[in-house]
Amino acid sequence: MLWASSLRMQTNRLMIVAMTDQGAQAKKPRIATVSLAGCFGCHMSLMDLDERLFTLFDIVEFDRSPLTDIKHCGPCDVGLIEGGLCNAENVHVLREFRANCNVLVAVGACAINGGLPAQRNSLDIGRVLTDVYRVRAGLANNSEVPNDPELPLPLAKVHAIHDVVHVDHCLPGCPPGADAIWAFLTSLLNDGRPLLDKQLIRYD
Ligand code: SF4
């Protein structure tokens, strides 16, 4: 298929870019990924790259990501954000990514516009918490809204990440498919200009 041979050519180019002219190992681009207020589906799409993950591991290094055990994002070339902002911790992590990533990408509908979690935006968050933890049928006596100080404070509304930080690129979809992620990421790593064929964008 045409797209398959085009991806192969792209991969070959990327592997060449990963080497210096003299054959010494070039510094690999560093990528971080995180899931904020999302369902992890966008990360599952990343996993759907399947054997292309091996190529990716050859040409990049992963910083903070569910693929590593790194707790805080360090200086990176690209940050991929899944999910929007529903609590204070999401905002803190997003700011850390923005401060450390040269290029920040909003991946999927939740990061781009709040997505499914933003459906709560028409409701009062205090009323929702009371209904869920104190009013709902079947709760134990004296059930209270959790208030452990270690729990991140919920925001009154769910926000897209561009409400808080500058976003360089958006990769639409819910989730974007593995082929879309591959085309987007490889073109971005190749020359800094992400390309995405409309046929690769889907919202199912
Ligand atoms: Fe999940 Fe869709 Fe949001 Fe991605 S965009 S985190 S797949 S709900």
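In the predicted model, serine 35 stands opposite glutamate 82 of strand β3. Serine 35 falls within strand β1 (residues 30-35), which runs parallel to β3 and is joined to it by 5 bridges. On β3, a further pairing is made with strand β5 (residues 101-107), again parallel, through 6 bridges. Within this second pairing, valine 78 has valine 103 of β5 as its bridge partner. Strand β3 (residues 76-82) is largely enclosed by the rest of the structure, because 6 of its 7 residues are buried.

These strands belong to a protein with 7 helices and 7 strands. Read from the N terminus, the order of elements is α-β-α-α-β-β-β-α-β-α-α-β-β-α. The protein has 204 residues, of which 33% count as buried. Among contacts with a separation of 6 or more, 75% are between residues 24 or more positions apart.

The largest nonpolar core holds 43 residues, and the members that touch the most others are Ile81, Phe97 and Ala106. Helix α7 (residues 178-191) supplies the largest share of this core, with 8 residues. For phenylalanine 97, the contacts beyond four places in sequence are Ala32, Val34, Cys73, Gly79, Ile81 and Leu104. Of these, Ala32 and Val34 lie in the range of β1 (residues 30-35), Gly79 and Ile81 in that of β3 (residues 76-82), and Leu104 in that of β5 (residues 101-107).

Helix α7 is itself mostly covered, with 10 of its 14 residues buried. The buried positions are Asp179, Ala180, Ile181, Trp182, Ala183, Phe184, Leu185, Thr186, Leu188 and Leu189. From first C-alpha to last, α7 reaches 20 Å, close to the 20 Å expected for its 14 residues at 1.5 Å a residue. Glycine 192 follows α7 and has a positive phi, near 80 degrees.

Terms used:
Residues are numbered from 1 along each chain as its sequence is written. This is a predicted model: local features need pLDDT of at least 70, side-chain atom pairs count only at pLDDT 80 or more; totals for chains, interfaces and linings use all residues. A nonpolar core is a set of buried Ala, Val, Leu, Ile, Met, Phe, Trp, Tyr and Cys residues joined through C-beta atoms within 7 Å. A residue is buried if 20 or more other C-beta atoms lie within 10 Å of its own, exposed if 12 or fewer, and partly exposed in between; C-beta atoms are placed from the backbone. Helices (H or I, at least four residues) and strands (E, at least two) are DSSP runs, numbered from the N terminus. Two residues are in contact if their C-beta atoms, placed from the backbone, lie within 7 Å. Two strands pair if DSSP finds at least two bridges between them. The expected span of a helix is 1.5 Å times one less than its number of residues.
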